[in-house]
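Open the model in your viewer and keep the sequence panel in view. The stops below say what to select and what is there.

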Amino acid sequence: MKLAQCWDDGNVDDIRLIEILRKYQAKASFNLNFDLHAEERRCGWKYRGTKEVFKLAKGELKSVYEGFLVANHTLTHPHLTQIPIEQAAREIREGREKIEQHFGYAVKGFAYPFGEYNPAVQEAVRASGHVYARTVVSVPEIFPSLDPTAFHANCHFLAPDFWEKFEHVKSGNGTFYFWGHSYEIITEDDWKNYEDKIARLSREGEWVNLPDLFV
Ligand SMILES: [Zn+2]
C-alpha cells in the first residue's frame with residue numbers, strides 16, 4: 001500500500017519531525033505561508049495557551065526541507081472565504097510563485113488555511129497551477145477523489161481511530177494519507193508516539209510524494 005503525509009505552517013518543530021522521517025526514509029510534504037517567514041525565527045502564538053510556536057526563519061527553509069517537497073498554504077494564512085476573491089486569488093497565486101522562486105522547482109500542492117474553501121477559491125487554486133488542494137475533511141478512502149481541489153485526507157495524525165482508518169485502507173490496498181502540525185507534538189511521549197507511528201507505517205507500506213498520486 002501507499003502512504004502519504006503532509007504538515008502545515010512551517011514551524012520550527014518540523015526540524016525534529018524531519019529527523020524522524022529521514023531515519024525511516026519516509027516522505028512528506030510541508031505546506032508553507034511564504035510571507036510569514038521572517039529573517040529570524042518568530043514566535044507567532046501559543047498552542048493550547050502554553051507552547052510557544054515558532055516559525056522557521058526564511059533563510060533556513062531550503063536546508064530544513066532539503067529532500068522533501070514543499071507546497072503552498074497561501075502567502076499569509078488568511079480566511080480565504082471571508083476576504084474578497086481577488087485578494088484570495090492573490091494569496092494563492094503569489095504564495096505559489098514565491099515558494100517556487102525560493103526553492104527553484106514547480107509547486108504542485110496546496111492546503112487550505114483553516115480548511116476553508118468554496119467554488120471560487122477552488123477555481124483560483126486550479127487557475128494558479130496547483131494539481132491538488134487538501135482540505136481538513138477526513139474520508140475513509142481518498143480515491144477516487146471527485147475533485148482534486150477538494151482533496152480529503154484519511155485523518156489527522158492524532159485521530160483516535162488512526163490505526164482503524166489505516167487498517168481499512170490497507171484492506172483495500174489503497175493509499176493512506178494523514179496530515180498535521182508539528183507543534184501538536186508536545187511531550188517526549190508525543191514524539192515517541194509519532195516515531196512509533198512512522199516506524200510501523202514504514203514497515204507496512206511505501207511512502208509516496210503527493211503530486212505523484214495525480215499523474
Ligand atoms: Zn495552516
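Two residues are in contact if their C-beta atoms, placed from the backbone, lie within 7 Å. This is a predicted model, in which local features need pLDDT of at least 70, side-chain atom pairs count only at pLDDT 80 or more, and totals for chains, interfaces and linings use all residues. Residues are numbered from 1 along each chain as its sequence is written.

**Whole chain**

Select the C-alpha atoms: they fill a box of roughly 45 × 40 × 35 Å along the principal axes. Colour by secondary structure to see 6 helices and 11 strands. Helices (H or I, at least four residues) and strands (E, at least two) are DSSP runs, numbered from the N terminus. Among contacts between residues at least 6 apart in sequence, 62% join residues at least 24 apart.

**Strand β8**

Select alanine 153 in strand β8. Beyond its neighbours within four places in sequence, alanine 153 is in contact with Arg134, Ser138, Ile142, Tyr177, Phe178 and Trp179. A residue is buried if 20 or more other C-beta atoms lie within 10 Å of its own, exposed if 12 or fewer, and partly exposed in between, with C-beta atoms placed from the backbone. Alanine 153 is buried because it has 25 other C-beta atoms within 10 Å. In the chain, buried residues make up 36% of the 215 residues.

**The loop between β7 and β8**

Move to alanine 150, in the loop between β7 and β8. Alanine 150 has 17 C-beta neighbours inside 10 Å and so counts as partly exposed. Not counting residues up to four places away in sequence, alanine 150 touches Tyr117, Gln122, Ala133 and Thr135. Next select proline 144, in the loop between β7 (132–138) and β8 (151–153). Which residue is joined to proline 144 by a cis peptide bond? The partner is phenylalanine 143, and omega is about -5°.

**Two positive phi values**

Most residues other than glycine have a negative phi, and most peptide bonds are trans. Aspartate 9, in the loop between β1 (2–8) and α1 (14–23), has a phi near 90°. Is aspartate 9 buried or exposed? Aspartate 9 is buried, with 22 other C-beta atoms within 10 Å. Histidine 77, in the loop between β5 (69–72) and α3, has a positive phi of about 65°. Histidine 77 is partly exposed, with 19 other C-beta atoms within 10 Å.

**Core**

A nonpolar core is a set of buried Ala, Val, Leu, Ile, Met, Phe, Trp, Tyr and Cys residues joined through C-beta atoms within 7 Å. Of the 48 residues in the largest nonpolar core, Cys6, Phe30, Val70, Ala71 and Ala133 touch the most other members. Select alanine 71: leaving aside neighbours within four places in sequence, alanine 71 is in contact with residues including Cys6, Phe30, Val107 and Phe110.

**Helices α3 and α4**

Finish with α3 (residues 85–103) and α4 (residues 119–127), whose axes come within 9 Å and cross at roughly 35°. Axes are lines fitted to C-alpha atoms, for helices over the stretch in contact, and angles run from 0 to 180 degrees between N-to-C directions. To show the contact, select Ile85, Ala88, Ala89 and Ile92 of α3 with Ala120, Val121, Ala124 and Val125 of α4.
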